Amino acid sequence: MFDKDRIAEIERKRKEWEEGTLRKSLERFGLKQSPAKFYTPANIKDFDFLAKIGFPGEYPFTAGNYAFPTTALAGSMYGAGGGAPGALVRAGIYSGYGAAEDTRDYYIKTQAAGPNIAFDLPTQCGYDSDNPMVRGEVGKVGVAVDTLREFEVIYEAFVGGKDIDRIASNFTINAPANIIFAMYLALADKRGIPYSKLRSTPQNDILKEYIARGTYIFPPRPAVNRMFRDSLVFLTKYCPNVNITSIGGYHIRGAGCTREQDLAFSMAIGIAYLQTGIDAGLDIDSFAPQFTFNAFGGSMEFFKEIAFQRAARRMWAKVLKERFGAKNPKSMIIRQPIGAHMGFENTTAQRPLNNVTRAVVGGIAGALSGGPPAVAPPYDEPLGLGWSIEAQQLQRDAVMILLLEAKLNEVVDPFAGSYFMESLTDEIEEAAWKELDKIEAMGGAVAAIENGYMYREVARSAYERQRRIETGEDLVVGVNCAIGEGELEVIPPRMVPHPYDPVKREQAEEKQIANLKEVKRTRDNREVARLLRELEEAAKKEEENLIPHFIECAKAYVTEQEMCDVLREIFGEYEAVAI
Amino acid sequence: MAEARRIRMLIAKPGLDGHDRGARVLTLGLRDEGMEVIYTGLRQTPEKIVQAAIQEDVDVVGLSCLSGAHRYLFLEVVEQLKAKGVEDVLVIGGGIIPKEDIPFLKEKGISAIFGPGTPIKEIANYIKKTVKRK
């Protein structure tokens, strides 16, 4: 891209600068090496613009998924004096608690646009609310769902103009995703809504659970080869507006892995999922467009997170095109609700208002990396989830300030061609390919989970970060620096009550156990027994798609655990690795 | 002269909470501080934790919970240790424990709660100072 002679001259002049101007500054401060780098065309002398960047909305998508991001339309969408955003009706804030009635009432009270449902841990781990093993957990981190009844109750908040064909529903569910989604499909059947009209994203990303989030049930192989395969095949065929998965490198980074591991592990996991579709005999372009990413991780290292996003887009595009032979551009893009961000685990409980500053830094990185300005999370997240409406208002306002006042989305990929940013993007991509090759050599993501490699790597990276904080190599303001006597502890007063009723949350377990007892009493228990026997027979057959069976079971009010227990017998249960 | 036995610790995740970054980091970190640390992994019932604590003959049990079920779960572990006649095992906890719950937990037998941001050394020093050696 650059003239050879000009590059040679630049390299010559750089040496002069290093020995002259730079050396003088280094001597003045008694340093051997500069604390800041400087980049020139010589750093990217062989750079091929068309191969490495191209144009936004075209392979390799480095500059962005589309010709322009939709956030560039923010001005026309909001307008002076305006309030509500335009046509896009996205699912709302991640929410849910207590028994189904409590969550339904919350959605009615907050006039939610669409449910983005958090399930409690028993539900996420395939246990019913009346299982003595889960005492203390029912209704705590999300809503308790045992049977179709809970879906019917929750969705009483979404009828008429907000029926399930008019709103998007998100479900943060992984190991038992097919069972919970089957309840949603059963609800659609009951309401006479065709599956083709449903808009939803079940998280359905089991592999990260084994290394970062922990809500697994079965071992990785049946989880991928049976459960994930079933979801891919079924959703491709019957639910074109439902996303098959929401792959979350973000969870793995939150568990402590490095940026490069986040990218490599996410790619490896995505590859394992894509492969199940190929192995089922489907064409890549028939299902890959329904893959999404939840988000990758983030950090406060502003430039690196921008470079990360560019590298991620280029890498996924290459994987889809070169490895899987995809032809449709929609198969090659990383569809995610946010891009770069601060890394939610980097918020501090100490001096929480500083998290506004941090989130804005992350939001700027997001806007400059081809995504929306994700000013997230709300500053008070370390003090307790779902809290203050003020924090959420500040968050929304910050996004609008970045778009409408700072006009950050007026240019697509403004860092394209930067000697620094292109070098950094290449570096991160190369490191991720190296790690990915290592994982592929082990046999892929499933093998790298079975042998404990990924789990131990995440643990090691987390520990190294902790050590760097404790030695002061990594500085965190208000935590290990700026904590002297002269510093003010700025603590915001909390004026707004918690949106979740704490009394209801405490009583949820007892309430749900009673609800479940009633369902078990009034359902046709012979039909339940028959369906479970049928499910068992079906589960023994490698090629059988179990989702239609789950739908039939759901309609008969078979419980989630009853279905999972059948599968536990046949697939086994996951045994964690040690460190 | 016989070497003093190294402090033995069990780090456990009671209940269904799957967030174990802190537990993993402490396992590795307290090993570097000279302790023998066994990490149980996720999904431990109070029964299994107490069983492991006895089997491994530990001096300290560290409980981690981020799901809000700590009041029930931590208490269960302490009660069952008592029921099994296990004396002198230091029980500490961490995770996401609201400030309001700390007095209750301490009253019930949890010696200390170490929240987010606690340096590993602080926990190590507390253990070394407080533990009753076997």
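**Questions on a predicted two-chain model**

Among contacts in chain A of this predicted model between residues at least 6 apart in sequence, 76% join residues at least 24 apart.

Me: What radius of gyration does chain A have?
Reply: The C-alpha atoms of chain A fill a box of roughly 90 × 55 × 50 Å along the principal axes. For 579 residues, a compact globule would have a radius of gyration near 25 Å. Chain A agrees with that rule, so the value is 25 Å.

Me: Which strands stand at the edges of the open sheet in chain A?
Reply: The sheet has four strands in the order S1-S2-S3-S4 (chain A), with parallel pairing. An edge strand has a single partner, so one side of it is left without a neighbour in the sheet. That applies to strand S1 (94–95) and strand S4 (199–202) of chain A.

Me: Which residue in S4(A) is the bridge partner of Asn170(A)?
Reply: Strand S3 (residues 168–172) of chain A pairs with S4(A) in the parallel sense, over four bridges. Across from Asn170(A), the partner in S4(A) is Thr201(A).

Me: Which residues form the covered face of strand S2 in chain B?
Reply: In a regular strand the side chains alternate between the two faces of the sheet. Strand S2 (residues 36–39) of chain B has Glu36(B) and Ile38(B) on its uncovered face. The covered face holds Val37(B) and Tyr39(B).

Me: What is the handedness of the crossover from S1(B) to S2(B)?
Reply: Strand S1 (residues 8–12) of chain B pairs with S2(B) in the parallel sense over four bridges. Ile11(B) stands opposite Tyr39(B) in S2(B). The chain passes from S1(B) to S2(B) through helix H1 (residues 21–32) of chain B, and this β-α-β crossover is right-handed.

Me: Is Ala556(A) buried or partly exposed?
Reply: Ala556(A) is found in the loop between helix H22 (547–555) and helix H23 (560–571) of chain A. Beyond residues up to four places away in sequence, it touches Arg523(A), Asp524(A), Glu527(A), Val528(A) and Leu531(A). A buried residue needs 20 or more C-beta neighbours within 10 Å. Ala556(A) has 19, so it counts as partly exposed.

Me: Which element gives the most to the side of chain A that touches chain B?
Reply: The contact takes 27 residues from chain A and 26 residues from chain B. On the side of chain A, the elements that give two or more residues are helix H5 (121–124) and helix H19 (453–471). With five residues, the element that gives the most is H19(A).

Note on methods: Residues numbered from 1 in each chain as written. Chains lettered and ligands numbered in written order. Predicted model: local features only at pLDDT ≥ 70, side-chain atom pairs only at ≥ 80, totals over all residues. Buried ≥ 20, exposed ≤ 12 C-beta atoms within 10 Å, placed from the backbone. Contact = placed C-beta atoms within 7 Å. Rg over C-alpha atoms; globule rule 2.2 N^0.38 Å. Pairing = 2+ DSSP bridges. Right-handed = clockwise from strand over helix to strand, strands pointing away.
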